[in-house]
Amino acid sequence: MIQLVLDDTLIYQHLFPFTLTRAAAEIRIGILTIREKWSRLLGHPVLVNRADDYLMPPAGDDAGAPVVFSGNIVPSAAFISQLLEGVYSKENFLQQSSVRILQHPWHIFQYNDWALREDFQLVTVGRRSQPIPPSVMAIAPGNIFIEEGALLQCCTLNASAGPIYIGKNAEIMEGSVIRGPFALCEGAVVKMGARIYGATTIGPYSVVGGEIKNSVIFGYSNKGHDG
């Protein structure tokens with residue numbers, strides 16, 4: 001098992017103001033945070049070393065040296081496969097199609113389309129979506145995944161240009177029109193008559209309304225108006 005540490009010390013200043021209150025690995029892009037992506041892809045928890053802390057895995061008799069990656073590296077299933085096989089190249093790392101690097105804050109929404117598609121496959125593989133309610137107009141329903149407890153009424157979901165993910169206990173109110181790729185994370189709410197374009201992520205327990213395009217709204221936030 002790889003002992004992985006996501007390190008913040010060299011890159012946190014490049015991602016201000018977001019890394020003033022969180023590690024770079026806790027930034028949400030796509031459906032999941034960077035840390036959550038690594039954990040799911042590797043199949044076990046990973047550690048995060050913030051710039052103002054020092055955290056390394058405990059050394060046991062059979063513990064090897066930890067593998068340290070920068071906390072701003074956004075992995076994919078293809079990259080993890082290369083990593084586990086020991087065949088990924090350290091040369092031209094920024095040009096690899098199987099990984100993205102958050103070097104500036106605007107990369108969060110610049111790469112969100114790619115991350116949404118990667119996370120959709122990761123989160124939904126081998127699982128069955130909850131049924132789409134009869135009052136919902138669904139375009140390309142095969143690209144729509146609804147978690148348990150989600151509430152949708154009289155809205156339009158167009159997943160022809162990218163997948164749509166509706167998280168656990170999330171709600172889309174009547175009259176909303178949404179184009180993928182799009183993710184509504186756990187407990188989040190889209191208010192009545194919202195117009196949302198891809199590639200957009202609404203973080204956990206956020207409330208949004210009005211018009212939104214190519215945005216990433218972190219958790220516990222509110223944009224409940226037009227404009």
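Is Cys185 buried or exposed? Cys185 counts as buried, because its relative accessibility is 4% and the cut-off for buried is under 20%. The model described here is predicted.

## Cysteines

A disulfide is a covalent bond between the sulfur atoms of two cysteines. The structure holds zero disulfides. For Cys154, the closest cysteine sulfur belongs to Cys155 and lies 7.8 Å away, which is too far for a bond. A disulfide needs the two sulfur atoms within 2.5 Å.

Cys154 has a relative accessible area of 47%, so this residue is partly exposed. Cys185, at 4%, is buried.

## Helix 1 and helix 4

Two packed helices are described by the angle between their axes and the distance between the axes. Helix 1 covers residues 34-42 and helix 4 covers residues 112-124. Their axes are 11 Å apart and meet at an angle of about 40°. The two helices are therefore oblique to each other. The crossing of helix 1 with helix 4 is left-handed.

Helix 1 contributes Lys37, Arg40 and Leu41 to the contact, while helix 4 contributes Ala115, Asp119, Leu122 and Val123. By residue type, the contact has four nonpolar residues, three charged and no polar ones.

Pro45 is found in the loop between helix 1 and strand 2, the strand of residues 47-49. With a relative accessible area of 70%, Pro45 is exposed, since the cut-off for exposed is over 50%.

How far apart in space are Pro45 and Val5? Their C-alpha atoms are 9.8 Å apart, although 40 residues separate Pro45 from Val5 in sequence.

Key
Residues numbered from 1 in each chain as written. Predicted model: local features only at pLDDT ≥ 70, side-chain atom pairs only at ≥ 80, totals over all residues. Heavy atoms only, no water. Axes fitted to C-alpha atoms, helices over the stretch in contact; angles between N-to-C directions. Helix = DSSP H or I, 4+ residues; strand = E, 2+ residues; numbered from the N terminus. Parallel < 35°, antiparallel > 145°, perpendicular 65-115°, else oblique. Left-handed = near helix turned anticlockwise from the far one by under 90°. Contact = heavy atoms within 4.5 Å. Nonpolar A, V, L, I, M, F, W, Y, C, P; charged D, E, K, R; others polar. Buried < 20%, exposed > 50% of the residue type's maximum accessible area, 1.4 Å probe, protein only.
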